[in-house]
Structures are given as C-alpha cells and as structure tokens.
Amino acid sequence: WGLGWTLENGEVGRAFYHYGNAGTFQHLAIGLKEQQAGVVIMTNSGNGLRMCIRTGLRALGATHMTYTLSFS
C-alpha cells in the first residue's frame, strides 16, 4: 500500500485504485483499464470514503460492487 496503487479484477474488468484518509479529508481515485475511464472524488468528510466508493463505481458503470475496496 503506502503510495502504491491497488490492481483488481471485477465485474467491469481490470481496475486500479488509490484512496486517502486524513481524518476529515478523504478521497478515492479509481480507473478502469478496458474502458479507459476513471474518476477522482475528494471530500472533506470523515465519512467520505463510503460516498466515494458508491459514487465512483456507479459513475464508471460498476453498479454491483465486486471490487474488494477493503476500506468500505
């Protein structure tokens, strides 16, 4: 982890993602290789990661979460 990106396979293909959690500032960057699409979401909420996951995956067409995203 650290400064690295996570690579996973899910319902819409290969994904890469990285997230950050600094208390009240949380963010997620996620991209899909085959679709050549990605999204970055930043929040100033202590509950922001949950919203980032749901919104980010939905924006990319992954409505049924199969990616681990173990911080959810």
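The model is a predicted one, in which local features require pLDDT of at least 70 and side-chain atom pairs count only at pLDDT 80 or more, whereas totals for chains, interfaces and linings use all residues. Residues are numbered from 1 along each chain as its sequence is written, and side-chain values use heavy atoms, with hydrogens and water left out.

The structure holds 1 aromatic pair. This pair is formed by Trp5 and Phe16 and is edge-to-face, with 5.9 Å centre to centre and 65° between the planes. Trp5 lies in the segment before β1 and Phe16 in strand β2, so the pair ties together parts that are 11 residues apart in sequence. Rings of Phe, Tyr and Trp (its six-membered ring) are paired if their centres lie within 6.5 Å, and planes under 30 degrees apart count as stacked, over 60 as edge-to-face and the rest as tilted. Phe16 is partly exposed, at 34% relative accessibility.

Trp5, Leu7 and Phe16 also make a nonpolar surface patch of about 330 Å². Patches consist of residues with over 30% relative accessible area and no salt bridge, like charges being joined within 9 Å and nonpolar side chains (Val, Leu, Ile, Met, Phe, Trp, Tyr) within 5 Å. A salt bridge denotes a side-chain nitrogen of Lys or Arg within 4 Å of a carboxyl oxygen of Asp or Glu. Leu7 is placed in strand β1, residues 6–10, and is exposed, with a relative accessible area of 53%.

The chain contains 1 helix and 4 strands, and from the N terminus on its elements run β-β-β-β-α. Helices (H or I, at least four residues) and strands (E, at least two) are DSSP runs, numbered from the N terminus. Of the 72 residues in the chain, 38% are buried. The accessible surface of the chain comes to about 4,500 Å², and 54% of that surface belongs to carbon and sulfur atoms; accessible areas come from the Shrake-Rupley method with a 1.4 Å probe, and for residues only the protein chains shown count as cover.

The largest nonpolar core has 12 residues, including Val12, Tyr17, Leu28, Ile41 and Cys52. The elements that give two or more residues to this core are β2 (13–21), β3 (26–32) and α1 (48–59). A nonpolar core is a set of buried Ala, Val, Leu, Ile, Met, Phe, Trp, Tyr and Cys residues joined through side-chain atoms within 4.5 Å. Leu28, in strand β3, is buried at 2% relative accessibility.

Thr43 belongs to strand β4, residues 37–43, and is buried, with a relative accessible area of 14%. Apart from neighbours within four places in sequence, Thr43 is in contact (heavy atoms within 4.5 Å) with Thr24, Phe25, Gln26, Gly48, Met51 and Cys52.

Gly20, in strand β2, is likewise buried, with a relative accessible area of 12%. Neighbours within four places in sequence aside, Gly20 is in contact with Phe25, Gln26, His27 and Leu49. Gly20 and Met42 are 22 residues apart in sequence and 9.1 Å apart in space, C-alpha to C-alpha.

How values were computed
Buried means under 20% relative accessible area, exposed over 50%, partly exposed in between (1.4 Å probe, protein chains only).
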